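Please walk through this model with the sequence at hand.

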Amino acid sequence: MPKPTTKDQILENAHKERTALEELLSTLTPEQMTQPNMIGEWAAKDVLSHLMEWEQMVMAWYAAGVKGKTPAVPSEEYNWGQLPQLNHAIYLKHRDRKPCRCSKGIQSFLQKGHQNH
């Protein structure tokens, strides 16, 4: 598949990937969502929370830019050289979330995110 080069192609690609993610999520049981060590020590729900957090950060950067502001990237607390620490902080922030809440949250978030652009 060629790399998307237009906004419409990027949005179409993002929609396809989000649909695929939602379809995969719908097949996972709560036990599968919480099984540790899927990627390092993370369970599937932790990876999902990580994706949600990063998408929220990117959308916040975009919103700030639209308003003519310069956002702190990747965050107020971390610079680009500290991504492992930022990702670990995201993991700690969400690790106690219940899987159904997490998966419903990402499905809702993905739908809202796609509708807004």
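This is a predicted model. Start with the packing of α3 against α4. The crossing is right-handed.

Which residues of α3 and α4 meet? From α3 come K45, D46, S49, H50, E53, W54 and M57. From α4 come L83, L86, N87, I90, Y91, K93 and H94. The residues of this contact divide into 6 nonpolar, 4 polar and 4 charged.

Now take α4 by itself. Helix α4 runs over residues 83–94, 12 residues in all. From its first C-alpha to its last it reaches 17 Å, close to the 16 Å expected at 1.5 Å a residue. Its buried residues are L86, N87, I90, Y91 and H94. Why do they fall on the same side of α4? They cover an arc of only 145° around the axis, so they share one side of the helix. What covers these buried residues includes α3, residues 44–66.

Turn to that partner. Helix α3 has 23 residues. It reaches 33 Å from its first C-alpha to its last, close to the 33 Å expected at 1.5 Å a residue. Its buried residues are A44, K45, D46, L48, S49, H50, M52, E53, W54, M57, W61 and A64.

V58 also belongs to α3. Is V58 buried or partly exposed? V58 is partly exposed, because its relative accessible area is 38%, and buried means under 20%. The C-alpha atom of V58 is separated by 9.0 Å from that of V73, and the two residues are 15 apart along the chain. Just after α3 comes G68, which takes a positive phi of about 80°.

Finally, step back to the whole protein. It has 5 helices and 0 strands. Along the sequence the pattern reads α-α-α-α-α. The protein has 117 residues, and buried residues make up 27% of them.

Notes
Residues numbered from 1 in each chain as written. Predicted model: local features only at pLDDT ≥ 70, side-chain atom pairs only at ≥ 80, totals over all residues. Heavy atoms only, no water. Helix = DSSP H or I, 4+ residues; strand = E, 2+ residues; numbered from the N terminus. Expected span 1.5 Å × (residues − 1). Buried < 20%, exposed > 50% of the residue type's maximum accessible area, 1.4 Å probe, protein only. Arc of directions from axis to C-beta. Contact = heavy atoms within 4.5 Å. Left-handed = near helix turned anticlockwise from the far one by under 90°. Nonpolar A, V, L, I, M, F, W, Y, C, P; charged D, E, K, R; others polar.
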